[in-house]
Amino acid sequence: MTERRHDLYLLTPGPLTVAPEVKREMLADRSPNAEPHSALTAMVRDYMLELCNGRGTHECVPIQGSATYAIEAAFHAFVPRDGKLLVIQNGFYGMRLREIAEGIGLAVTALEFPMLPLPTGTDIEAALAADPAITHIVLCHVDTGTGIRNPVEEIAAVASRRGVGVLVDAVASFGTFPLDAAALDLTAIMISPNKGLEGVPGIGIVVAKRSELEEAKGRSPSVVLDLHAQWRFLEEKGNQWRWTPPTHVIGALGKAIERHRAEGGAAPRLARYRANWRRLVDGMRQRGFATLLPDEAAAPIIATFHDPADPAYDFRKFYLAMEKRGFIIFPGRLTAAGTFRIGLMGDLVESDITLILEAIDESLAELGVASFAPRDEGASAPAAA
Ligand SMILES: *Cc1c(COP(=O)(O)O)cnc(C)c1O
């Protein structure tokens, strides 16, 4: 029997399964005004900068809320009211970026792409040349709606040549995939504590270029999402927070960072996710499932599979059968209909993948699904993606 390491496996793009020792940190009451909590906040802020090579050029500003709050706060701070934001939209979270930007009344141009091929520097060059009013670009690093990873280095190089700022939704990728804030001269990186960092949800984090953060003074029409004010408060009050901070969440993140360091940082974490992803994708293919993406385009933090064509298959029933066994899976997004997703971020090791595959076998047997093959035979071939 394979050891079951968690009661409930959250195989979703967040919240995700976290280690027991991270959860245990939340049992402590912490005074937000006392030194230990300020020291923890300082450590968290510094580690974010360390992970993206931002020490000296960038600042880290955590904010209460989920990662989406950090995205909206960054839009308020960095895109001036007379500026214009180019949204690279090639997946569900790209669509979400556009909704947020439009929702807060920014001038927006959306550059829509199919899921594949990925946008190139040349595409972005052309879009910037066509509209000189564009001051900033935003894109997802890894779009967890499908699992694609955008070529942020190539796009940032084009933007930098044209003096256009780049904001990166690295919510799903941070702490796993490399991202160099200084080398790419990024305006802002938006981060979650609860994806690759394996903490719990409750704050959003922005790493921002210091010079642009200084210019953001007085720009935000929101009080609570004012990144500049949040930054100044943290700086002036010795890492105390404006308003009540989620002390339990920050405590858990402190432990999650300890674990991240102990694992060896981002590269070994990505290697663990990749090994788990490989095992899952291979196991699913042996059963007849097909992935949405060809392997070379897939970020190994989430795997998206086509629904089986077998008439006995029904996602809702499959979901419930999996839930009953303690595994939460996720439907496909609008941008990838007819698929379901299995998230691989979180405290998962290879033996957990064995359990996941067993639960899938049992669940689909319960539904009476005999064949796991998708409707479209060529579904996981690059040409069909
Ligand atoms: C999860 C996710 C978000 C949203 O984060 P929340 O914490 O739910 O607000 C944004 N972008 C990407 C790419 C994500 O994976």
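This note sets out points on a predicted model, from its domains to its individual residues.

1. Basis of the note. The structure is a predicted model in which local features need pLDDT of at least 70 and side-chain atom pairs count only at pLDDT 80 or more, while totals for chains, interfaces and linings use all residues. Residues are numbered from 1 along each chain as its sequence is written, and side-chain values use heavy atoms, with hydrogens and water left out.

2. Domains. The protein chain is assigned domain 1 (9-16 + 265-380) and domain 2 (21-262); such bounds come from an automatic or database domain assignment. Between the C-alpha centres of domain 1 and domain 2 there are 28 Å. Domain 1 puts 27 residues into the contact and domain 2 puts in 27 residues, where contact means heavy atoms within 4.5 Å.

3. The largest pocket. A volume of about 360 Å³ is found in the largest pocket. On a 1 Å grid over the protein atoms alone, a pocket is an open set of points with protein on both sides within 12 Å along at least five of seven lines, a cavity is a set of points where a 1.4 Å probe fits but cannot get out, and lining residues have an atom within 4 Å of a point. Grid points are joined across faces, edges and corners, and a volume is the space filled by probe spheres set on the points. The pocket lies between domain 1 (9-16 + 265-380) and domain 2 (21-262), because both give residues to its lining.

4. Lining of the pocket. There are 25 lining residues, and Ser-66, Ala-67, Thr-68, Val-171 and Lys-195 are the ones nearest the centre of the largest pocket. By class the lining has 14 nonpolar, 7 polar and 4 charged residues; Ala, Val, Leu, Ile, Met, Phe, Trp, Tyr, Cys and Pro count as nonpolar, Asp, Glu, Lys and Arg as charged, and the others, Gly among them, as polar. At least two lining residues come from each of α3 (67-78) and α4 (92-103). Helices (H or I, at least four residues) and strands (E, at least two) are DSSP runs, numbered from the N terminus.

5. The nonpolar cores. The largest nonpolar core holds 93 residues, and Met-48, Phe-75, Phe-78, Ile-189 and Leu-227 have the most contacts inside it. Helix α3 is the greatest contributor to this core, with 8 residues. Since domain 1 (9-16 + 265-380) and domain 2 (21-262) both give residues to this core, the core lies between them. A separate second core has 40 residues, including Ile-148, Tyr-313, Tyr-319 and Ala-336. A core of this kind is a set of buried Ala, Val, Leu, Ile, Met, Phe, Trp, Tyr and Cys residues joined through side-chain atoms within 4.5 Å; buried means under 20% relative accessible area, exposed over 50%, and partly exposed in between (1.4 Å probe, protein chains only).

6. The cavity. The count is 1 cavity of 30 Å³ or more, and the largest cavity has about 60 Å³ of space. Among the residues that line the largest cavity are Thr-146, Trp-277, Asp-295 and Ala-303. The lining comprises 7 nonpolar, 3 polar and 1 charged residues. Strand β11 gives the most to this lining, with 3 residues.

7. Phe-305. This residue belongs to strand β11 (residues 302-306). Phe-305 is buried, because its relative accessible area is 0%. Beyond neighbours within four places in sequence, the contacts of Phe-305 include Leu-280, Met-284, Phe-289 and Phe-340.

8. Gln-89. Strand β3 (residues 85-89) contains Gln-89. Gln-89 counts as buried because its relative accessibility is 10%. Neighbours within four places in sequence aside, Gln-89 touches residues including Met-95, Arg-98, Glu-112 and Phe-113.

9. Backbone points. Two cis peptide bonds deserve a look. One runs from Gly-14 to Pro-15, with omega near -5 degrees, and Pro-15 is in the loop between β1 (9-10) and α1 (20-24). Another runs from Leu-116 to Pro-117, with omega near 0 degrees, and Pro-117 is in the loop between β4 (108-112) and α5 (121-130). Asp-185, not a glycine, has a positive phi of about 55 degrees, and its relative accessible area of 34% makes it partly exposed. Trp-243, also not a glycine, has a positive phi of about 60 degrees and sits in the loop between α8 (227-236) and α9 (247-263).
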